[in-house]
Every structure is written in C-alpha cells, then in structure tokens.
Amino acid sequence: MAVDEWLADLNPSQREAVMTTEGMVRVIAGAGSGKTRALAARFAYLVNELGILPGNILCVTFTNKSANEMRQRIHRLTGDNDTGYINTFHGFCVSVLQEDSHAIQYPKSFLVLDNSDIDAMLKMIYEERGLTLREMTFARARDMIEMIKLKERPDYYKDMLTMSLDVLHQKFTDAVLVKDIIFYGYLYQEKKCFGLDYNDLIVLTLHIFEMHEQIRQKWQKRLEYIMIDEFQDIDEPQYRLMEVLCAWHKNLFIVGDPDQTIYTWRGANVRYLLDFDKKFPDVQTIMMMENYRSTPQILAAANDLIDKNTNRIKKSLVPMLGDGRAVVYFHGSSGAGEADWIAQEIIRLREQGADYSDITILYRAHYVTRVIEEALQKAKLPYTIYSGVQFFGRAEIKDALSYLRMIAYQDDLSFQRIVNVPKRNIGQRRMKFLEDYAREHSCTLYRALCETVEEPIFNGTRAADFLRLIRNYTAVFQEYRVSELLASVLSDSGYETMLRTEGAQDRLDNLAELKQSIYEYEVSCGEEAMLEDYLAHVALFSNSDAANPQDKIRLMTVHSAKGLEFPFVFLCGMNEGIFPSRKVRTADGMEEERRLAFVAMTRAEKALYLTESEGRNIDGSMRYPSRFVLDIDEKLLEIVAAPAKRLIKEARDYSRLSDLQIKADEAAARFLTGTRVRHRVFGCGTVVAIEPERKAYQIQFDGMETTRAISFKAPLEQVYQETAAQDADT
Ligand code: ATP
Ligand code: MG
C-alpha cells in the first residue's frame with residue numbers, strides 16, 4: 001500500500017503523531033480519539049516507509065489481550081510475520097531474561113510463577129514450619145509478599161541473588177515472625193526452582209541493566225523506537241525500565257488519557273504522563289480532539305459524568321459520528337427484573353439487525369453476572385464470559401470442580417469423573433463392580449467404595465488413598481476458603497502433578513485461571529463464600545450449552561474492557577456498593593471509580609444502556625442507584641423506567657453520607673505522604689504511604705532498614721524543623 005493511502009485514513013494530528021518518529025513524543029487525548037490507531041499506524045510507517053526492522057521496535061500494551069490484538073493489526077498493516085517486541089512490560093522482561101538471565105546466574109528456562117505456583121510454594125512453607133491458614137490465608141500471604149517486595153524492602157532481590165540456598169533456608173528456619181517465615185521461605189522456594197514472579201521480572205531486568213553495561217547497551221541500541229500505549233497507568237518500576245530502555249536512541253512515543261487512569265490501586269501514577277515534559281527536554285505534545293468511536297449522545301453523557309471529578313484537567317472532544325439514541329437508563333425493581341429487561345432489549349436489538357457479538361455487557365464485579373446469566377439462559381441467548389470462554393467446559397476445569405463437588409456432596413457424577421484421575425488403577429471392571437454394589441444397596445458409588453475397599457478386587461489400587469483424601473477434606477472444608485481448598489486438593493490428589501508430568505502447561509494455566517476466578521468470586525462476596533454457594537454459582541456456567549461460537553453476547557468486567565470498543569454496551573449493576581464499589585475508602589479512590597465508569601461508558605459506539613435495580617446488596621445493605629447515574633444530567637438520558645422519587649432522594653443522601661464518612665476517615669490520617677514525623681520509640685521517619693483501609697501509615701524510620709505500618713491512633717508528632725540533636729537521637 002502506498003504511504004498516502006493509509007495515511008489518508010488519519011486526521012492531521014494522528015498523521016503528525018505517525019510521522020514524528022524522532023525524539024520524545026507524547027499524545028494526550030481522550031477516549032476514542034484514535035490514539036491506539038495512531039500507534040499501530042506509526043509502527044507500520046516505521047517499518048513500511050522508513051525500513052526500520054520490526055525487531056528494533058518495542059511496542060508496549062497494557063494487557064496480553066491488547067498485545068495480541070496489536071500484533072494482528074501490525075501484521076495486517078505490514079504483512080510481516082516478525083512483529084518485533086509487541087508485549088506488556090512483563091512479557092518484554094521475559095524476553096530480556098530469556099536472553100540474558102545468565103548474568104544473574106539464572107538458567108534460560110527460569111519459571112514464570114503464577115498464583116497457583118506461589119500457592120504450591122506457600123503450602124510447602126506452611127508444612128515445613130507448621131503454619132496454618134488460620135495464621136494467614138494464601139491469598140493474604142501473596143499480597144503480603146508483594147507489598148514487602150514493592151514497598152518495605154525493594155532491594156529484596158539482592159538477598160535472592162547473593163544468598164546461597166543454604167543461607168536462605170537458614171533464614172527461613174531461624175525466622176520467628178510469621179511474616180519473616182513466609183517471606184524467607186518464599187525467597188528460598190523461588191531460588192530453588194529458579195522461579196520468578198511478576199515483580200521479580202521487572203526488578204531483575206532492571207538489576208541486570210544496572211550491573212551489566214554491555215547487556216544494557218545491547219538492548220538500548222536494539223530498541224531504536226519505543227512506543228507505549230495506556231501510559232496513564234504506568235507504575236514506578238515500569239517507568240524506570242522505560243527510562244533505561246530509551247536512553248540511547250531517545251525515541252519514545254507515549255499515548256494516554258488522564259481520565260482513564262484506573263490502576264492507581266496497583267501503583268499506577270498518572271503524574272508520569274502529566275509531568276513527562278518536565279522530565280524530558282524537547283517533548284513534542286500532540287492533542288487529538290476528535291472522537292471517532294461514540295455518538296454525540298454517548299459522549300455527552302460520559303463527559304457530564306467525568307466532569308464531576310474535581311481533580312482533573314478539562315478537555316472536550318468533538319464527536320465525529322452522527323446522532324444516535326440518547327443514553328438509556330433502566331431501573332429494575334429487582335436484580336432479576338433488571339436482567340430480564342436487558343435480555344428483552346437484546347432480543348429487540350437482534351430483531352433490528354444487530355449481531356449478538358455487537359453486544360457487550362459490562363459490570364464492575366464478577367458476581368453481578370449471575371442474575372444476568374440466568375436471564376440470558378432463560379431467554380436462550382448465547383453469551384460468553386470474557387476470559388472464561390467455554391472455559392467451564394474444559395476437562396481440567398470440570399475435573400477440578402468435580403473434586404470440589406466430591407468434597408461437598410460425594411455425588412456419583414463427580415465420583416465417576418475423578419476417581420481414576422489421576423490414575424488410581426480403578427478401571428472399567430472395578431467401576432462396574434461398584435455400580436452393581438451401589439445398585440444392590442441403593443447407595444452412592446462413594447458409599448459403595450467405602451464399604452468394599454477392603455475387598456480383594458481393590459488390591460493393587462489406590463482406592464484407599466482416594467477415600468482418605470475425600471474423607472479428610474469432607475471433615476474440614478467448612479473452615480477453608482474455596483480457593484484454598486481447591487489449591488490444596490489439586491495438589492494433594494496428585495492432579496496437578498499429573499498435568500506437570502504431562503507437560504500440559506495450558507491446562508495448568510486454566511486451573512490457575514479457575515483459582516483466580518474463585519478468588520475474585522470470594523472477594524466479591526466477602527466472608528460468606530461457602531463451598532456450596534460457589535458450586536451453585538459455577539454450575540450455571542458449566543451447564544450452558546454452546547451455540548454458534550462466533551456470534552455471542554460478551555460479558556466482561558470494566559477493567560478488562562479497557563482500550564476496547566463495542567457497538568452496543570449494557571453497563572449493569574449501576575448501584576451504590578457495586579459501582580462505586582463498597583471497597584472505596586478515599587476521595588481519590590472515588591475519583592478513580594468515576595474514571596472507571598467513564599472508561600466503561602466510552603466503550604460504546606452506537607448505544608449505551610445504564611441499568612440498576614433495587615433490593616439488597618450482598619452485605620445486606622439497601623441498594624441505591626449509583627451516584628454515577630445521578631451525576632448525569634437527566635436531559636441527556638432516555639429514562640425507560642425511573643426509580644421512585646423517594647429512592648432517588650435516599651440515594652443522594654446515602655452518597656452524601658458516604659462522602660462524609662470518607663472525609664472523616666481520611667481526616668483521621670493527619671499526615672500526608674512525605675511528612676516527617678517523630679515516634680516516641682522509633683524516632684524520626686517519613687510517611688511513605690497511607691493505608692486508609694487499615695487506618696495506618698507506612699513509615700520509613702531513619703534508623704530502620706524496613707518500613708513499619710503505624711496506626712493513625714499512635715501518638716506521632718510532625719517534625720517541622722529538624723535539628724542536629726533530633727537527628728542524633730534517632
Ligand atoms: P481509548 O482511549 O479508549 O484507548 P483510543 O484513543 O485508543 O481510545 P482508538 O481505539 O485508536 O482510540 O480509536 C477509536 C475508534 O475510532 C476506532 O474504531 C478507530 O478505528 C476509529 N478511528 C480512529 N481514528 C480515526 C480516523 N482518523 N478516522 C476514522 N476512524 C478513526
Ligand atoms: Mg486505545
């Protein structure tokens with residue numbers, strides 16, 4: 001294709017972004033203004049027009065999914081199979097380490113650890129030191145390890161690299177505090193298998209670059225052009241990595257939208273985007289003012305919402321599409337009512353010619369999907385849960401769930417599925433024996449095995465082991481979280497070992513995904529996530545029959561919809577306590593939540609539906625319409641069913657009260673980060689972070705190596721002027 005042909009599809013600012021290939025270039029522009037499109041075109045321009053080799057370009061995306069999409073897009077534009085480094089920061093670090101991990105004496109075949117691997121390590125750690133889940137759940141231990149690595153001891157990796165396995169093990173066995181036991185146990189386990197978690201990937205890459213000039217220069221020289229999408233959500237380690245990588249050629253192209261910062265809770269900082277020109281001289285900043293994605297109606301409503309954030313730079317986009325329907329608002333009298341209405345509306349859209357795949361249902365938290373799925377199934381509408389596509393139909397997922405069901409119910413279906421997986425030498429003949437016995441005695445297969453396991457027919461089998469396994473878990477499962485239970489039983493049953501021996505990494509990945517989904521399920525329902533509840537919840541997914549795989553309604557969380565676009569968007573569960581989430585504890589958190597709602601709304605191209613319903617939240621509280629709906633001027637909405645006036649008033653009162661509560665909670669933190677404070681015993685230190693959820697500061701005391709969490713209530717004093725004497729007494 002000739003250059004002007006595909007440049008013709010771009011507007012002047014996009015063209016400028018594409019053709020300004022040298023130096024530091026920043027694009028700040030709103031949702032749907034064509035940033036990602038410009039980035040892809042720029043890649044093609046570099047390759048097709050300037051003859052740059054794809055292998056010398058680094059293109060960083062935020063998720064693996066967007067990396068895949070970008071790769072396909074670039075492939076279409078360049079026709080080249082070599083698409084260079086199009087990846088997330090973590091994925092890129094894997095490439096670096098695969099090439100250069102010898103510099104830190106790690107083999108090429110290091111393991112990238114996922115949550116399930118970490119859990120398996122924790123299990124060994126707990127067993128060796130006699131810890132139980134009562135002391136700390138695996139999920140909390142993982143979070144804690146991450147926090148220690150990120151905040152308390154950012155140079156932890158030096159221990160990992162310099163200490164021998166023996167020394168690390170010694171530290172682990174000598175440790176007294178649970179926290180230290182887990183942390184050193186984990187470092188030991190990591191080193192033992194050459195495992196690296198996500199944090200390690202970045203930190204070790206940086207370390208190699210710092211220690212080995214040759215390697216650093218090799219990569220710096222190789223990456224002639226660097227482009228980063230979704231820059232508003234970059235975090236500190238990633239930023240440092242970027243600084244190193246672009247230092248040689250100094251060709252860096254970043255794009256972002258401050259209004260779409262939605263990962264602050266994981267360390268993202270929008271200042272990196274906003275202060276980019278202060279950090280680098282001669283930055284060229286390009287604005288894109290047109291919106292090509294959404295109708296003027298959708299854009300107006302989304303802008304009206306984001307306008308309510310106080311901490312924001314105003315910008316307005318010019319809609320390029322023609323008029324469409326006003327944003328629709330539906331209030332249901334129950335969750336089921338809301339879901340049924342969505343299903344009916346989808347049927348109407350379909351009659352008007354829309355494909356199911358044009359329709360996406362977005363939500364803040366996974367648990368919201370249950371009612372939606374019920375309604376879709378009742379209406380026989382095909383759908384797929386994003387990131388869990390036909391997921392629950394896969395063998396390993398069914399097996400894993402059968403283990404859980406076996407523990408809860410000892411039912412025949414589960415029994416048949418797993419009694420011989422992994423192999424326990426219970427084949428057809430023995431199975432038939434059990435079936436006959438069960439029929440004669442009208443009992444379950446499990447009972448049958450319990451009663452006959454001593455019979456000679458089971459000699460040479462591992463039937464007794466299987467019974468022991470199920471019995472042990474049946475006795476205690478009520479005390480475990482479902483996610484922990486699953487991790488534990490998959491390991492104890494030998495199921496995971498079986499997959500490992502088979503080298504079935506993708507199936508192990510699926511199990512990790514299942515654990516993650518259970519974990520999210522637990523987070524979404526709080527403490528009361530019982531095994532039986534979970535099984536009921538998940539049965540919904542496993543029973544849905546597969547229709548035409550191409551044409552399905554998509555269901556996904558707002559976070560995973562980042563950067564994507566869909567013709568018709570239903571944003572459901574727009575209620576206080578769901579969206580905004582009840583976990584929001586700070587005014588900043590509330591603004592981030594509003595940005596998230598803005599991201600959700602700006603995914604829609606032709607039509608946007610906001611829905612919610614009254615009733616009770618999962619914590620038993622009253623359900624009110626979300627402030628994010630009430631934020632939007634009524635004139636911009638087509639209200640199909642409105643809540644009672646009384647409910648709106650109560651909702652407004654509720655939001656106001658919760659804002660006051662947030663202010664009060666925040667007020668309890670008397671010091672901002674960066675403040676110098678004095679503690680009666682620990683002396684002077686600096687507040688490095690505030691943790692409103694725990695009502696505590698993280699303080700780096702001058703005389704201590706690691707930070708401490710100190711309660712808001714502790715008698716801390718602000719230090720205004722530091723005298724030599726004060727310094728001396730710390
Ligand atoms: P987000 O902030 O949500 O990531 P974005 O700025 O990256 O959005 P894109 O996804 O690149 O926006 O573009 C939004 C839509 O507009 C896409 O469908 C894209 O193809 C289309 N588009 C972008 N630029 C143009 C243009 N110059 N002419 C016509 N359509 C365009
Ligand atoms: Mg984009």
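**Figure 1. Antiparallel pairing of β19 and β20.** Six bridges in the antiparallel sense pair β19 with strand β20, residues 696–701. The bridge partner of Gly 685 in β20 is Phe 701. The two strands form a hairpin, with four residues between β19 and β20. Within that turn, Lys 695 has a positive phi of about 50 degrees. As in the views that follow, the coordinates shown come from a predicted model.

**Figure 2. The hairpin of β18 and β19.** Strand β18 (residues 676–679) pairs with strand β19 (residues 683–691) in the antiparallel sense, over four bridges. Three residues lie between β18 and β19 in this hairpin. Arg 678 stands opposite Cys 684 of β19. β19 also pairs with β20.

**Figure 3. The open sheet of seven strands.** The strands are ordered β13-β14-β12-β15-β16-β11-β17, and their pairing is parallel. At the edges are β13 (383–385) and β17 (637–641), each of which pairs on one side only. From one strand to the next, the twist averages 25 degrees. Inside the sheet, strand β12 (residues 359–363) runs parallel to strand β14 (residues 553–557), and four bridges join them. One bridge partner in β14 is Thr 557, which pairs with Tyr 363. Helix α16 packs on this sheet, where α16 touches β11 (327–332) and β16 (604–613). The direction of α16 makes about 50 degrees with that of β16.

Figure 4. Is Thr 295 buried or exposed? Its relative accessibility is 5%, so Thr 295 counts as buried, the cut-off being under 20%. Leaving aside residues up to four places away in sequence, Thr 295 touches Leu 321, Gly 322, Gly 324, Glu 605 and Lys 606.

**Figure 5. The open sheet of six strands.** The order is β3-β2-β6-β7-β1-β8, with parallel pairing. β3 (85–87) and β8 (284–288) stand at the edges and have a single partner strand each, so one side of each lacks a neighbour in the sheet. Direction ignored, neighbouring strands here are turned by 10 degrees against each other on average. Strand β2 (residues 57–60) pairs with β3 in the parallel sense over three bridges. Leu 58 has Tyr 85 as its bridge partner in β3.

Figure 6. Helix α2 (residues 12–19) lies across β1 (24–29), β7 (252–256) and β8. Relative to β8, α2 runs at about 150 degrees.

**Figure 7. The second largest pocket.** The volume of this pocket is about 860 Å³. Its lining has 38 residues, of which Thr 36, Arg 73, Arg 293, Gly 563 and Glu 565 are the closest to the centre. The elements giving two or more residues to the lining are α3 (35–49), α4 and β7. Which element supplies the largest share of the lining? That share, seven residues, comes from α4.

**Figure 8. The largest cavity.** Five cavities of 30 Å³ or more are found in a search of the whole structure. The largest cavity, shown here, holds about 90 Å³ of space. Its lining includes Asn 115, Asp 119, Phe 138, Ala 139 and Arg 142. Also among the lining residues are Ser 483, Glu 484, Ala 487, Ala 512, Lys 515, Gln 516 and Tyr 519. At least two lining residues come from each of α6 (115–129), α7 (138–152), α24 (482–492) and α26 (505–525). The largest share, four residues, is from α26.

Figure 9. The protein chain has a mean pLDDT of 88, and 93% of its residues reach 70 or more. Over residues 543–549, however, pLDDT is below 50, and this stretch has five contacts in the model beyond near neighbours in sequence. Over residues 723–730 the pLDDT also stays under 50. For residues 723–730 the model has seven contacts beyond four places in sequence.

Technical notes. Residues are numbered from 1 along each chain as its sequence is written. Chains are lettered from A and ligands numbered from 1 in the order in which they are written. This is a predicted model: local features need pLDDT of at least 70, side-chain atom pairs count only at pLDDT 80 or more; totals for chains, interfaces and linings use all residues. Side-chain values use heavy atoms; hydrogens and water are left out. Buried means under 20% relative accessible area, exposed over 50%, partly exposed in between (1.4 Å probe, protein chains only). Contact means heavy atoms within 4.5 Å. Two strands pair if DSSP finds at least two bridges between them. Axes are lines fitted to C-alpha atoms, for helices over the stretch in contact, and angles run from 0 to 180 degrees between N-to-C directions. pLDDT is the predictor's confidence in each residue, from 0 to 100. On a 1 Å grid over the protein atoms alone, a cavity is a set of points where a 1.4 Å probe fits but cannot get out, and a pocket is an open set with protein on both sides within 12 Å along at least five of seven lines; lining residues have an atom within 4 Å of a point. Grid points are joined across faces, edges and corners, and a volume is the space filled by probe spheres set on the points.
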